[in-house]
Amino acid sequence: MLVDFKSNLEEVMSSLQLCVTSTRSRMDFLTLFAVYVVVVLTCIVLVCKYSGQQQTPFNIIFNYVGKVVAPFTPKWLQKFSQWTLHRLFHQRNNMFIYLHILLEVAVCAEFTYEVFGFCRQMDTSLTSLCVPYILLAIKTYFFYLCIKKDPGTVTKKKLAGQLHIYPYDRRLFHPGVSCETCQLVKPARSKHCRVCNRCVQRFDHHCVWVNNCIGAQNTRYFLLYLFSMCAIAGDIAVLTGDMLLHAVLRSGLLRASYLDEYGQQQPAGPLFVVQHLFLTFPRIIFMLGFLVFVFFLLAGYALFHSYLALVNQTSNEWYKSRGYVCQHCNPTATADHLSSPEPDHSKRYYYSRGLLRNLGEIFFPLQPVKKKDN
């Protein structure tokens, strides 16, 4: 059964008169949550800033901790940790797909179990409450396509046609270069994915969340998946925020007062209201905070990929054009890059063909050229 909304409001009102120790403990709780928010936001900023680079604060800290802990760590535990990290990030596996589904189920369950019932009691229209479920169905469809669709694998059978899809810019991609693993000539804009162990046409990146490469044939599904995820997170966050706002207004919490540490009555300010919302709706508040973080993170990522689509550039090309070359994937690339002249930024968008044609290429990928039989 759903928790009765009126009983929650009565609980808010009955807890307004606080003693000194209670006030301090709640302030400590809010302080801890503020620290949590700052840490999460800092991590998000650092991930966005150093994405694609080799020397990052994360690598430096991880390597330092590894050196300090290594002498005190059993060999079997070190090998197990290395195997686990290699399995998660350097081999194909469904772990992040399961994690994605688990987080999604947790959010949808919390929304259905509590927020949906509260919103219905506040006369929120049923149509508005059904939108997240419709978006969830749309997102699931694109999520499935991202997982199952071939990103554009370069094969011996298709190679002759794939070589003529894009011209070589002779800056990032050069003719006659062969993949050492696949033993095939690399078409322009292709890259060998070490995780999937294949060369992918118009390679963008390997996404662990869908356990698949993002390439010429599934970039459109990936973009639509990102935007549908943003829409779900944003819509549930708005509905949840509206529910909490109505809870505050209907309870009269803004007109309440409490006893400070000197025994004097003080009006309930914004911090006091937030503390009570935390104690009354703890799971809902944490769900809302999680959704806000996810929304801004995914929105920034979706806008970045939209920008790349508009200028007809891939993530791989964007990183390479700025010198972010992975030494693990291409040990000779760094030396070549350092010895080469400064990049010509006028050719950064070499494959751009105009806004509409660029978008058309994303949603209607260019197909391998078939040779006509004489």
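**Exercise 1.** Describe the second largest pocket by its volume and its lining.

The second largest pocket holds about 360 Å³ of space. The model is a predicted one, in which local features need pLDDT of at least 70 and side-chain atom pairs count only at pLDDT 80 or more, whereas totals for chains, interfaces and linings use all residues. Residues are numbered from 1 along each chain as its sequence is written, and side-chain values use heavy atoms, with hydrogens and water left out.

Turning to the lining, 13 residues surround this pocket, and Phe62, Gly66, Gln78, Ser81 and Gln82 lie nearest its centre. The elements that contribute two or more residues are α3 (57-69) and α4 (75-89), and α3 gives the most, with six residues.

**Exercise 2.** Determine how helix α6 (residues 126-148) and helix α8 (residues 219-251) pack against each other.

Begin with the geometry: the two helices pack at an angle of about 155 degrees, and their axes lie 9 Å apart. Angles over 145 degrees count as roughly antiparallel, and α6 and α8 are therefore roughly antiparallel to each other.

Next, list the contact (heavy atoms within 4.5 Å): the residues of α6 include Leu135, Lys139 and Phe142, and those of α8 include Tyr225, Ile232 and Asp235. By class, the contact of α6 with α8 divides into 18 nonpolar, two polar and two charged residues.

Definitions and conventions. 1 Å grid on protein atoms, 1.4 Å probe; cavity = no way out; pocket = protein on both sides within 12 Å on 5 of 7 lines; lining within 4 Å. Points joined across faces, edges and corners; volume = space filled by probe spheres on them. Helix = DSSP H or I, 4+ residues; strand = E, 2+ residues; numbered from the N terminus. Axes fitted to C-alpha atoms, helices over the stretch in contact; angles between N-to-C directions. Parallel < 35°, antiparallel > 145°, perpendicular 65-115°, else oblique. Nonpolar A, V, L, I, M, F, W, Y, C, P; charged D, E, K, R; others polar.
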